[in-house]
Amino acid sequence: MKTFSKFARFFTEQSRNNEIITPFDMKVITRDLESKGKDIIHLEIGEPDFDTPEHIKRAGIEAIENGFTHYAPSRGLLELREEVAKYVSVTRKISVSPNEVVIVPGGKNVIFYTMMALLEKGDEVIVQSPGYYPYEIDASLFGAKIVPLPLREENGFSFDRDYFKKIVSEKTKLFVFISPANPTGNIFSKEDIEFISEQAMKNDFYVLSDEIYSRIVYEGEFFSIASVPGMRERTIILDGFSKTYAMTGWRLGYSIAPKNISDIFNKFLVSSNSCTATFTQIAGLEALRGPQDTVDEMVAEYKRRRDFIVDALNEIRGIRVVKPKGAFYVFPNITGLGISSREFVMKLLQNGVATIPGNTFGKYGEGFIRISYANSLENLKIAAERIQKTAEELS
Ligand code: PLP
């Protein structure tokens, strides 16, 4: 038989992609254990435990009943693109036109499209480390060199500007910026963002600004790099409905990018998905136009959970954790327990708590685990007891 493509080989042969445990891998492992009767608290995936708000669900159901079951325009329904353009213009204080918006079946597509549109062999991509795992995988798929930007726990998972300056080179094509960040929950300051912008303009690189957690903020204010004068033309914003509106399974996200990049994304979309599901887009329209109080309630509840889990973890010997300012993750340091993050995650699993080892999030993630606290306070209390028990077994 003739061989598979280099892309298929990339995903199947030994690569970083196969060495890490992603939240989706962990889901498979836990499902198997649960089918054998194991009781597991799920803190592995970045998925709101809340149901999609009722009025959004109704809009989706009515859309199906009203015949929105056919192809949509590839870029997305004009009405939704107009609403997204309005929303982003207001929240980022920039002017966005509907033809700079591409509606995609999940924000994750924007990562792939950006890499596919921009990267060539020899290009360098700066990624936050620890950082959301698909970025490193996708950038290497297109032959780019990954340049990690360490986010140090001692700086509250912020970054060192001098270090950033040192790793920027004429080969830097793209910087992937996630704020509020996954997996650390840190929010970068306006000053840091202005500094990155200066570097981007001076050294001519693009920024993929992952703003999927922009509405889940507890302290400080969300500030988009696209708001910095001069940055619009070199910034691709990734955002969507999954986290803000508890709509992960609807698969609905969008990109905001200059028209020429949006046109390329549209071609990728035509060749891969044709379009995003039409009734899902109608539900998204309702999410943006309808009442926002459910979002505020969810964020208030995440904050209560964050406060609980941070205090509970900081009381466990061998574990310490920085209080995150946004998103719904904590990234505790477990080096005090004397085992690798993968070993600790496996022990936690035996004791009924699913989490993700820090090394999934890059080189600088080792020694940490990621906990998603998008789960009920009741479950978090049980999980905290199990984590304490596991840590005690190690001492
Ligand atoms: N970006 C970050 C940082 C994420 O954590 C996620 C999901 O976990 C996504 C993007 C993708 O979200 P979706 O494809 O559900 O819109």
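Student: Which residues line the second largest cavity?

Tutor: This is a predicted model, and the second largest cavity in it has a volume of about 40 Å³. By class, its lining has 5 nonpolar, 2 polar and 2 charged residues. The lining residues are Tyr 87, Arg 215, Asp 239, Gly 240, Phe 241, Thr 244, Tyr 245, Tyr 254 and Leu 288.

Student: Which elements each supply at least two residues of the lining of the largest cavity?

Tutor: The lining of the largest cavity includes Val 127, Gln 128, Tyr 135, Glu 136, Val 176 and Ile 178, and Phe 361 is also one of its residues. By class, this lining divides into 7 nonpolar, 2 polar and 1 charged. The elements that each supply at least two of its residues are strand E3 (124-129), helix H7 (134-141) and strand E5 (172-178).

Student: Where is Pro 130 found?

Tutor: Most residues other than glycine have a negative phi, and most peptide bonds are trans. The peptide bond from Ser 129 to Pro 130, however, is cis, with omega near 5 degrees. Pro 130 is found in the loop between E3 and H7.

Student: What is omega for the cis peptide bond that joins Ser 179 and Pro 180?

Tutor: Pro 180 belongs to the loop between E5 and helix H9 (190-203). The bond joining Ser 179 and Pro 180 is cis, and its omega is about -10 degrees.

Student: What is the phi of Phe 157?

Tutor: Phe 157 has its place in the loop between strand E4 (145-150) and helix H8 (161-167). Its phi is positive although the residue is other than glycine, with a value near 65 degrees.

Student: Which residues lie nearest the centre of the largest pocket?

Tutor: About 460 Å³ of space lies in the largest pocket. By class, its lining has 11 nonpolar, 6 polar and 6 charged residues. Of the 23 residues in this lining, those nearest the centre are Gly 46, Lys 108, Tyr 132, Lys 243 and Arg 251.

Student: Which domains each give at least three residues to the lining of the largest pocket?

Tutor: Helix H3 (23-35) and helix H6 (108-118) each supply at least two residues of this lining. At the level of domains, at least three residues come from each of domain 1 (6-52 + 294-394) and domain 2 (67-289).

Student: Which helix gives the most to the lining of the second largest pocket?

Tutor: The second largest pocket contains about 320 Å³ of space. It is lined by 16 residues, with Thr 91, Lys 93, Glu 221, Phe 222 and Phe 223 nearest its centre. By class, the lining has 5 nonpolar, 6 polar and 5 charged residues. The most, 3 residues, comes from helix H5 (residues 78-92).

Student: How are H13 and H14 oriented to each other?

Tutor: Helix H13 (residues 341-350) and helix H14 (residues 377-394) pack with their axes 10 Å apart, at an angle of about 120 degrees. H13 passes H14 in a right-handed crossing. An angle of 65 to 115 degrees would count as roughly perpendicular and one over 145 as roughly antiparallel. The two helices, H13 and H14, are therefore oblique.

Terms used
Residues are numbered from 1 along each chain as its sequence is written. This is a predicted model: local features need pLDDT of at least 70, side-chain atom pairs count only at pLDDT 80 or more; totals for chains, interfaces and linings use all residues. Side-chain values use heavy atoms; hydrogens and water are left out. On a 1 Å grid over the protein atoms alone, a cavity is a set of points where a 1.4 Å probe fits but cannot get out, and a pocket is an open set with protein on both sides within 12 Å along at least five of seven lines; lining residues have an atom within 4 Å of a point. Grid points are joined across faces, edges and corners, and a volume is the space filled by probe spheres set on the points. Helices (H or I, at least four residues) and strands (E, at least two) are DSSP runs, numbered from the N terminus. Ala, Val, Leu, Ile, Met, Phe, Trp, Tyr, Cys and Pro count as nonpolar, Asp, Glu, Lys and Arg as charged, and the others, Gly among them, as polar. Domain bounds come from an automatic or database domain assignment. Axes are lines fitted to C-alpha atoms, for helices over the stretch in contact, and angles run from 0 to 180 degrees between N-to-C directions. Angles under 35 degrees count as roughly parallel, over 145 as roughly antiparallel, 65 to 115 as roughly perpendicular and the rest as oblique. A crossing is left-handed if the near helix is turned anticlockwise from the far one by less than a right angle, and right-handed if clockwise.
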